[in-house]
Amino acid sequence: MENTNVQETKKISQLYLQKLGIFNEIIEPTLENLNRLLELHVQNIAFGNFNPFLGLPVELDITTLVEKILVQGQDAYCFEHNVLAKNVLNELGYDAFNLLCRVYYKSHPTESPAKTHLVTIVRLNDEVYLFDPGFGGMTPTSVLSIHSLETSQVTLNESFRLIQVTDSGIAESALFDMKYMLQVCVSGEWENVYAFNPEQIAADSDIKIANWFMSTYPKCPFTRNLILSIVKQDKRYNFSNGVLNIHHKNNQTQQQIVKSDDELKEIFISIFKLNLDAFNIDDAIHKFQAL
């Protein structure tokens, strides 16, 4: 593929909107459009970690992200999704910035975990919203109002809410400098997802360090497992090391164990919308099959 600088011919936002299936429209910076962008983002750009899994670098400069995600049709994980989102939203006229978060999903630590997840925050009409297309299999699929604390907020999939971290059931010693906890409702129970402080805008240098750690640390899930997620209306498709789970909005789950390389490749193309010519898919398949 010819490696042209796509930013010289088209704005980043134009390429992004085309990736989402939006053509010849002027997208005004409204809440309705912000929701539309997030809902289309999670249905058209897969969460995935091929680069960390294969020991390849994860670069966060916007030129690389545009080429990798919007032009080549590859996957992305949280740092890539949200650095791209922040740049696109600002280009579209929103006031967006990134935050680093501490993750508490499926855990109850007694010491503060490192800030290993990146999100995008948008200030709009004197309110503040969470826009996060990058938490994989449990990412919120609609924009969430940070001002609507304690309120269940409906998305395409599960309901989410934001609460004070002191009400999360996590030990205070594990919540250093955090303010709000994101929770998701699963089978009628509220579960912690991650916490953040909207007053702590992430410096690019801190984002780079967190990204480097999560993409290189040998014990990190992203270097040890191949993980993919995407949303299709009210269904979540989550893939991990040869097993595909389809989660329905009614809490039912279908599981499929993928048995052949050809079947895997078809799933990567048809469900996760990946361009397999853009990376060495065989190396990834052979690696997780050997686990």
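**Pockets and packed helices**

Author: Happy to! The largest pocket holds about 930 Å³ of space. A word on the ground rules: this is a predicted model, where local features need pLDDT of at least 70 and side-chain atom pairs count only at pLDDT 80 or more, while totals for chains, interfaces and linings use all residues. Residues are numbered from 1 along each chain as its sequence is written, and side-chain values use heavy atoms, with hydrogens and water left out.

What is a pocket? On a 1 Å grid over the protein atoms alone, a pocket is an open set of points with protein on both sides within 12 Å along at least five of seven lines, whereas a cavity is a set of points where a 1.4 Å probe fits but cannot get out; lining residues have an atom within 4 Å of a point. Points are joined across faces, edges and corners, and the volume is the space filled by probe spheres set on them.

The largest pocket has 37 lining residues, with Tyr105, Phe135, Gly136, Gly137 and Met138 nearest its centre. Among the elements that give two or more residues to this lining are strand E3 (115-124), helix H6 (204-216) and strand E10 (227-232). Such helices (H or I, at least four residues) and strands (E, at least two) are DSSP runs, numbered from the N terminus. By class, the lining has 18 nonpolar, 15 polar and four charged residues. Here Ala, Val, Leu, Ile, Met, Phe, Trp, Tyr, Cys and Pro count as nonpolar, Asp, Glu, Lys and Arg as charged, and the others, Gly among them, as polar.

Now to the second largest pocket, with a volume of about 300 Å³. It is lined by 17 residues, and Glu59, Leu60, Asp61, Lys208 and Asn211 are the closest to its centre. H6 supplies the largest share of this lining, seven residues, and helix H5 (78-91) supplies at least two.

How do these helices pack? Two packed helices are described by the angle between their axes and the distance between the axes. Axes are lines fitted to C-alpha atoms, for helices over the stretch in contact, and angles run from 0 to 180 degrees between N-to-C directions. The axes of H5 and H6 come within 11 Å and cross at roughly 155°, so H5 is roughly antiparallel to H6. Angles under 35 degrees count as roughly parallel, over 145 as roughly antiparallel, 65 to 115 as roughly perpendicular and the rest as oblique. In this contact (heavy atoms within 4.5 Å), Phe79, Val83 and Lys86 of H5 meet Asp204, Ile207, Ala210, Asn211 and Met214 of H6.

H5 also packs against helix H4: their axes come within 10 Å and cross at roughly 110°, which makes H4 roughly perpendicular to H5. Val83 is one of the H5 residues in this contact, and Ile62 and Val66 are among those from H4.
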